[in-house]
Amino acid sequence: MRVFAIVVAAGSGSRMNSKIKKQFMELAGVPILIHTLRVLEQSPLIDQIVLVIGQEDLERVQALIDRYKIRKVTHYAAGGQERQASVWNGLQVLRALVDMQQDLVIIHDAARPLVSTTDIERIVESAREHSAVTIGTPAKDTIKKVNNGWVEETLLRHQLYAVQTPQGFRASLLYEAHEKAMRDNHLGTDDASLVEWAGAPVWVVEGSYRNIKITTPEDLQIAASFLQEENI
Ligand code: CTP
Ligand code: MG
C-alpha cells in the first residue's frame, strides 16, 4: 500500500484581496505553498505528491520546487474552475500511478501551511482503518443556521466539528465519489462531503486549532505568530 498526496494550489485567493495569489505570499520569508509542501516532504508516510496549480504558474512553481528541494512532487495537474474540479484533475493524473484498491490518497489544501507531520500521520493511519477520513476540530463558537437574517435553528455545539484538510481515502472510494459527482453535477465543499453524498461513512480524526486555512489577510498574522512560536 502506497500513500499519494494531492495538493490543491490552483485557487485565485479572492478573499485575500492581494495582488499576489495567497499560495505564493510569504510567511517567515518562505512561500505558503512551500511551507505546506515541506511538511508533506518530511512525512515519512507520504510517497509521492501530485501538485495541482494554475497553468500560468507552472514555471514559477517548478523553480520554487527546485530551489527548496521538494523531491516528492513528481507530477503536476492543471487547476479547474472550482476546487472540486482541481481535485478531479489531480485524480486523473493519479489514476495512472495508483493501485485504486490498495493505495491511499491524501488531499490537502496548499492554503494550510500549518499542518503538522502528526496530523498527516493520524490521517494516514486512520484512513488505513476507516477508508475515508477527515481531520477536524470541535466547534468553539455556537453555530446558528440563518435564513434571510433570521435564526432558523441553533445547532448542538457538541455535535459540530470544523473540518480541515488533510483528508484521506482509499483511492477507489474517492475516485468513484468524484466521478459520480461529476456525472450528477453535484458540487460539494470538500472531498469528504462527496464521499458522504455517495453513501460511504466518513470518520473524523481530531486535529489542531493551529491548522488554519489562510483565507483573509488577518490569517497571515495568526499563521506568522504560530510559526514564530514553533521556531523559538
Ligand atoms: N483551490 C484550487 N482550485 C480552485 C479553487 C481552490 O486548487 N479552483 C485550492 C486553493 O489554492 C487552496 C484550497 O483549494 O489551496 C482551498 O481553497 P480556498 O481557501 O477557497 O482558496 P481560493 O479558492 O484560492 O480562495 P478564495 O475562495 O478566497 O478565492
Ligand atoms: Mg475558494
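In helix H1 (residues 32-42), the residues Ile 32, Leu 33, Ile 34, His 35, Thr 36, Leu 37, Val 39 and Leu 40 are buried. A residue counts as buried if 20 or more other C-beta atoms lie within 10 Å of its own, as exposed if 12 or fewer do, and as partly exposed in between, with C-beta atoms placed from the backbone. Because 8 of the 11 residues of H1 are buried, this helix is largely enclosed by the rest of the structure. Helices (H or I, at least four residues) and strands (E, at least two) are DSSP runs, numbered from the N terminus.

The model is predicted: local features need pLDDT of at least 70, side-chain atom pairs count only at pLDDT 80 or more, and totals for chains, interfaces and linings use all residues. Residues are numbered from 1 along each chain as its sequence is written, while chains are lettered from A and ligands numbered from 1 in the order in which they are written.

## The sheet

An open sheet is formed by 7 strands in the order E5-E4-E1-E6-E10-E7-E11, with mixed pairing. Two strands pair if DSSP finds at least two bridges between them. Strand E5 (73-78) and strand E11 (203-206) are the edge strands, and each pairs on one side only. On average, neighbouring strands of this sheet are turned by 30° against each other, direction ignored. Axes are lines fitted to C-alpha atoms, for helices over the stretch in contact, and angles run from 0 to 180 degrees between N-to-C directions.

Strand E1 (residues 3-9) runs parallel to strand E4 (residues 48-53), and 6 bridges join the two. Within this pairing, Ile 6 has Val 50 of E4 as its bridge partner, and Val 8 stands opposite Val 52 in E4. E1 also pairs with E6 in the parallel sense, over 6 bridges; here Val 7 stands opposite His 108 in E6.

In a regular strand the side chains alternate between the two faces of the sheet. From E1, Val 3, Ala 5, Val 7 and Ala 9 point one way and Phe 4, Ile 6 and Val 8 the other way, and all are buried. As 7 of the 7 residues of E1 are buried, the strand is largely enclosed by the rest of the structure.

The buried residues of H5 are Ala 171, Leu 173, Leu 174, Ala 177, His 178 and Ala 181. Their cover includes H3, E6, E7, E10 and helix H6 (191-197). After H5 comes Asn 185, whose phi is positive, near 60°.

In H3, the buried residues are Arg 83, Gln 84, Ser 86, Val 87, Trp 88, Asn 89, Gly 90, Leu 91 and Leu 94, and they pack against E1, E4, E5, E6, H5 and H6. The table sets out the lengths of both helices; the expected span is 1.5 Å times one less than the number of residues.

| Helix | Number of residues | Span between end C-alpha atoms | Expected span |
|---|---|---|---|
| H5 | 14 residues | 20 Å | 20 Å |

## The surroundings of ligand 1

Ligand 1 is surrounded by 21 residues, of which the closest are Val 8, Ala 10, Gly 11, Ser 14 and Arg 15. A residue is near a molecule or strand if its C-beta atom, placed from the backbone, lies within 6 Å of it. E1 and helix H3 (83-95) each supply at least two residues of this shell. By class, the shell has 6 nonpolar, 10 polar and 5 charged residues. Ala, Val, Leu, Ile, Met, Phe, Trp, Tyr, Cys and Pro count as nonpolar, Asp, Glu, Lys and Arg as charged, and the others, Gly among them, as polar.

## Backbone details

The peptide bond from Thr 165 to Pro 166 is cis, with omega near 10°, and Pro 166 is found in strand E10.

Lys 69, although not a glycine, has a positive phi of about 50°. Lys 69 lies in the loop between helix H2 (58-67) and E5 and is exposed, with 8 other C-beta atoms within 10 Å. Asn 148, also not a glycine, has a positive phi of about 50°. The place of Asn 148 is the loop between strand E8 (144-147) and strand E9 (150-154), and with 5 C-beta neighbours inside 10 Å, Asn 148 counts as exposed.

Terms used: Contact = placed C-beta atoms within 7 Å.
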